[in-house]
Amino acid sequence: MTHPLTNSDVARRAFDAIAQAQRVDSFVELNHVLGKRISELGFDTYVGVNVLDPGGRANHQVIFGATHDAWEAHYAANNYSAHDAVLREIISGLDPLFWSDVTSKRPLDIDELRIYNEAAEHGLHEGFMTPIHGLDGSLSAVLLIGEHADSHDPDIRAAAHLMSLYYGSIGTRLRRRDELRTLTPVKLTPRQLECLKWVRHGKSSTDIGDLMGLSSRTVEHYLADACNRLGVRTRAQAVVEASLRGIITL
Amino acid sequence: MKVHIITSANRAVYGRELEQMHRLRHEIFVEELGWTDLWSAEGVERDDFDDEHAVYLAAIDDGRVQGSLRLLPTWKRCMITERFPQWADMAPVEAGGGVWEWTRWCPGTTRRPRALIKARAALIVGALEFARSRGVETYLTFCETKFLPQLVELGWAPEPLGLPRSFDQGSAVAVRWTVRRDHLSAARRLFRMQDTTAFEAPACFDEGRSWDPIALEQRIFGDAPVGGLSEVGPTPLEAMIVQGRA
């Protein structure tokens, strides 16, 4: 029994972008694939921010994304995270929120209102913040900001929510992988290294076997081991990973 | 803590544990999460998907059910296609052979945070061991949207089946993910659970022998240390719960 598929354009584009985003290997790709779709909703700024560390302590900073340099600097210099109404709502709840949701929910105090006004002076009139609860208990968020965005269309809200969740969680995975790369050195044996260098030069297992005086099966074994040590699945990824770690040069 | 796999073949020896499970589900879903449409006067939560096809993963420690998960073989029953098709309107559900649905995810109560952490990890690892034993290719679920980034964090690459939508008590979304060979080892590393977690008691029908499955489990695995954090120190997940941020 099939169910008719909805063809909402916004939703469809979000889904396609998310499918591609699951396969990216770098922030450049992530921003190209998912960031672009997000900006089509009217948000030119999209960033992943830390909010609380696993212990519940405030840890507010922009970690990745396409930031608005002037606003980010102004916000940090004035320590606005201490008075940010949207941040307060995000910390205490589970739902994502438009900036305009907060103002229609409750009156703002003078410090909270100042932030809204100064954002507007920077040309930033609408934002959308999505909380992301990590497995370790940390709270991060994805913040989208633009000149204006349609906060009334439920499909746009849902698409922004969904894309924010993936932008944030995939971005976090990429960052963790980058950090791990610098923290855990990987050592390959001389044979594994040599096999990998031949792969980088486009040689097949049989070729490599001939060059090194080994059976192709032994070569496959060395390369499989190298892939395991580098934490990748294919020999092509192994070449990239090894070069990013400075083990071989491209 | 081990996760007992309870099916129609062996459920005859789990009468007490199944009752505990239904009570725990009521406590969590109705009392803690406020899903009042699941309320029952007897204090047990059961619906018509609790039939002979359902498989239960029950995390058992100190002789009690600490958390549970219900898996449905989607070629027999599927909550998404039967109850929530409008939430899966952007991608085909593809229920059928090799596809199981995670339902009634109930890792425990926030009033006992340490047990919650252990049960959550055990159920996840148990579900992956179950997947290996049954050849599960795909898991589906209809869950609260807040879990979606955690599925990405686990490395499962969840695909949404529809946009997230609001219901009375929050936001939910239907997703599916392909179970890959490396998911189990990655989860063991993340949760520091190197030992086998799932335990499936032999089939027991009316005419056969009967036994205490928990005693049987302990005879095979030995007595596990009671409660407490892992000896090498708290995992990040444990630290989180101990801080009170469930």
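## Strand S1 of chain B and its partners

In this predicted model, strand S1 (residues 2-6) of chain B runs antiparallel to strand S2 (residues 55-61) of chain B, and 5 bridges hold the pairing together. To find your place along that pair, look for B:Ile6, which sits opposite B:Tyr56 in S2(B).

S1(B) has another partner too: strand S9 (residues 198-199) of chain B, paired with it in the parallel sense over 2 bridges. Here the residue to look for is B:His4, with B:Phe199 of S9(B) opposite.

How many residues of S1(B) are buried? The count is 5 of 5, so to speak a strand that is mostly covered. That goes for both faces: B:Lys2, B:His4 and B:Ile6 are buried on one side, and B:Val3 and B:Ile5 are buried on the other.

## Helix H3 of chain B

Now for a helix in chain B. H3(B) covers residues 113-134, and at 1.5 Å a residue its 22 residues should span 32 Å. The C-alpha atoms at its ends are 31 Å apart, which agrees with that expectation.

Is H3(B) largely enclosed or largely open? Of its 22 residues, 17 are buried, so the rest of the structure largely encloses the helix. Just past the end of H3(B) comes B:Gly135, with a positive phi of about 65 degrees.

## Chain A as a whole

Over in chain A, there are 11 helices and 5 strands. What does the radius of gyration say about how spread out the chain is? The value is 23 Å, while the globule rule gives 18 Å for 250 residues; chain A is well over that, so it is more spread out than a compact globule. Along the principal axes, the C-alpha trace of chain A spans about 75 × 50 × 30 Å.

As for burial, 37% of the 250 residues of chain A count as buried. If you take the contacts in chain A with a separation of 6 or more, 59% of them are between residues 24 or more positions apart.

## Where A meets B

The two chains touch through 31 residues of chain A and 26 residues of chain B. On the chain A side, the elements giving two or more residues are helix H1 (9-21), strand S4 (126-133) and helix H7 (154-183). Which of them gives the largest share? That would be H7(A), with 11 residues.

Sorted by class, the side of chain A that touches chain B has 16 nonpolar residues, 11 polar ones and 4 charged ones.

How values were computed:
Residues numbered from 1 in each chain as written. Chains lettered and ligands numbered in written order. Predicted model: local features only at pLDDT ≥ 70, side-chain atom pairs only at ≥ 80, totals over all residues. Contact = placed C-beta atoms within 7 Å. Helix = DSSP H or I, 4+ residues; strand = E, 2+ residues; numbered from the N terminus. Nonpolar A, V, L, I, M, F, W, Y, C, P; charged D, E, K, R; others polar. Rg over C-alpha atoms; globule rule 2.2 N^0.38 Å. Buried ≥ 20, exposed ≤ 12 C-beta atoms within 10 Å, placed from the backbone. Expected span 1.5 Å × (residues − 1). Pairing = 2+ DSSP bridges.
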